[in-house]
Amino acid sequence: MNSLDPDAEWGPSRQDVRHRVQAQMNMPLFWGIRANGNVNAQSGAPYNITTGLDTNRDGVFNERPLGYTRNSARGQATWTVSMRLQKQFALGRRDSGNGGGGGFPGGGGFPGGGGPRGGGAGVGQQRGPGGGGGGNRGGGNFNGGNNNQNSRYNMELFVSADNLFNNVNYGGYSGNQLSQFFLQPTTAQAARRVQIGMGFRF
């Protein structure tokens, strides 16, 4: 690099990635399971070729070989695919305030308890119009996630995978001609990672 000749330093920046592709997918599968996926791909980023020598003795080792411009070399393209599967479960029901509420999630109070309009029913009896169902028939605490808006609690199970196909994405290319890693990558992005988890909202 010659500080008196800035025109010779004209070239692509380190962020000059010419092509980028991003795609996302969100779709229902079966049994209430949803799939979310995304793909990210890009062409190689530029890097500089240097001699590894301080030819002009300015204390900076950034000289380039003759015929090489700034950031004239490029690394390999990279791509990664991520996927997430999730299923939500609705637990309990919100209190509507029209009788039969309160007590445990799912409506109804204790066995035989009911709302002010009709009274609950005991075990094996026909319940009144305002009751929450007698005995152990009170509303049900689990509805398979089909009515999450009216549920009091929400649980989610998920499994996610980053870099699903475990593709090796190299980076950190060395442009020093004196280095044993000349034109070789020195780093790599994260390998495949799978996570399994649960979330609970209330």
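**View A. Surroundings of S43 in the predicted model.** S43 touches V17, R18, H19 and A77, leaving aside residues up to four places away in sequence. The model shown here and in the other views is predicted. S43 belongs to the loop that runs between β2 (33-42) and β3 (46-47). A polar atom of the S43 side chain lies 3.5 Å from the backbone nitrogen of R18, and R18 is also one of the residues that S43 touches. S43 counts as buried because its relative accessibility is 19%, and buried means under 20%.

**View B. The open sheet of five strands.** The strand order is β1-β2-β5-β6-β9, and the pairing is antiparallel. The edges are formed by β1 (20-28) and β9 (193-201), each of which pairs on one side only. On average, neighbouring strands of this sheet are turned by 15° against each other, with direction ignored. Strands of a sheet pair through backbone hydrogen bonds, either parallel or antiparallel.

**View C. Pairing of β5 with β6.** Strand β5 (residues 78-91) and strand β6 (residues 153-162) run antiparallel and are joined by nine bridges. K87 stands opposite L157 in β6. A contact between a charge and a ring is also included in this view: the charged end of R84 sits over the ring of F158, 4.2 Å from the ring centre.

**View D. The aromatic pair F30 and W31.** The count of aromatic pairs comes to four. F30 and W31 form an edge-to-face pair, with 4.8 Å from centre to centre and 85° between the planes. F30 has a relative accessibility of 47% and therefore counts as partly exposed. W31, at 70% relative accessibility, counts as exposed.

**View E. The aromatic pair Y47 and Y173.** The rings of Y47 and Y173 are stacked, at 5.5 Å centre to centre and with 15° between the planes. This pair links distant parts of the chain, since Y47 is in strand β3 and Y173 is in the loop between β7 (170-171) and β8 (187-188), 126 residues apart. Y47 is buried, with a relative accessible area of 8%. Y173 counts as buried too, at 16% relative accessibility.

**View F. A cluster of aromatic rings.** Y153, F200 and F202 are linked into a cluster by ring pairs. A pair of aromatic rings is described by the distance of the centres and the angle of the planes.

How values were computed:
Residues are numbered from 1 along each chain as its sequence is written. This is a predicted model: local features need pLDDT of at least 70, side-chain atom pairs count only at pLDDT 80 or more; totals for chains, interfaces and linings use all residues. Side-chain values use heavy atoms; hydrogens and water are left out. Helices (H or I, at least four residues) and strands (E, at least two) are DSSP runs, numbered from the N terminus. Buried means under 20% relative accessible area, exposed over 50%, partly exposed in between (1.4 Å probe, protein chains only). A polar contact is a pair of N or O atoms within 3.5 Å; within protein, one must be able to donate a hydrogen and the other to accept it, and residues adjacent in sequence count only if both atoms are side-chain atoms. Contact means heavy atoms within 4.5 Å. Two strands pair if DSSP finds at least two bridges between them. Axes are lines fitted to C-alpha atoms, for helices over the stretch in contact, and angles run from 0 to 180 degrees between N-to-C directions. Rings of Phe, Tyr and Trp (its six-membered ring) pair if their centres lie within 6.5 Å; planes under 30 degrees apart count as stacked, over 60 as edge-to-face and the rest as tilted. A charge sits over a ring if NZ of Lys or CZ of Arg is within 6 Å of the ring centre and within 35 degrees of the ring normal.
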